[in-house]
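Q: Can you walk me through this one? Keep it quick.
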Amino acid sequence: DKYQVLETILYSGNLYINAIEKTETQYEYKLLKASLDGSALSEVVTYLAVDNIGVMPFIYNEYPRCMVMHRNKAFLPYSLCNTNNEEIGYMGTAIYDMESGEVTFLGDKEQGFEVKNCCFTGYGEYLYYVAVQKYKNELCRYNFIDGSVEKFELEKGFRGVYTVVDDNTIFYKRAQTDLCGY
């Protein structure tokens, strides 16, 4: 009962839960691990902690910002907004390395709401995602080896829907009905 569950996924024989715990002074974003039979629950890492004065967690229903795990890394999206004005706040994506225990971030730790990273897909040595802006969507990929980010030059009108076929082939939706390949 002490956690607000954001997302749950099955990975490597366990349930991993992206959750928020509200304490008297903070919101703590945590990755939890549960056994499949429900007999065990443990905290893996607190990847973000913020004072709870003037801010609150904000969950976007408009764009899927689902947690994903790939190559023993967890990509954990979060969003916070001002308690008096939901238009003011920040978001980001924490990257938790399950082998080293290190927490890093995809881009800035406190990105504004202008660009929302969402629609994550792991494939090979990359994590693909969509950077959603007010009038533009960009397809990007994060390199697991060196941490670099590459943006794809897609045709105008990319809708944010894509499928990775292999490291060099992606199909994506453009406009209302066009299927394109990269």
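A: Ground rule for strands: they are DSSP runs of E with at least two residues, numbered from the N terminus. This is a predicted model, where local features need pLDDT of at least 70, side-chain atom pairs count only at pLDDT 80 or more, and totals for chains, interfaces and linings use all residues. Residues are numbered from 1 along each chain as its sequence is written, and side-chain values use heavy atoms, without hydrogens and water.

Q: Which strand holds Leu179?
A: Leu179 sits in S16, residues 178–181.

Q: Is Leu179 buried or exposed?
A: Exposed, because its relative accessibility is 67%. Buried means under 20% relative accessible area, exposed over 50%, partly exposed in between (1.4 Å probe, protein chains only).

Q: Switching to S7. How many of its residues are buried?
A: Nine of the 10, in residues 73–82, so S7 is largely enclosed by the rest of the structure.

Q: How does S7 pair with S8?
A: Antiparallel, over nine bridges, with S8 covering residues 89–97. Strands pair if DSSP finds at least two bridges between them. Cys81 has Gly89 in S8 as its bridge partner.

Q: How many residues lie between S7 and S8 in their hairpin?
A: Six.

Q: And S6 with S7, how do they pair?
A: Antiparallel again, over three bridges, with S6 at residues 68–70. Met69 stands opposite Ala74 in S7. That hairpin has two residues between the strands, and Arg71 takes a positive phi near 55 degrees.

Q: What about S5 and S7?
A: S5, residues 55–57, pairs with S7 in the antiparallel sense over three bridges. Pro57 has Leu80 in S7 as its bridge partner.

Notes
Helices (H or I, at least four residues) and strands (E, at least two) are DSSP runs, numbered from the N terminus.
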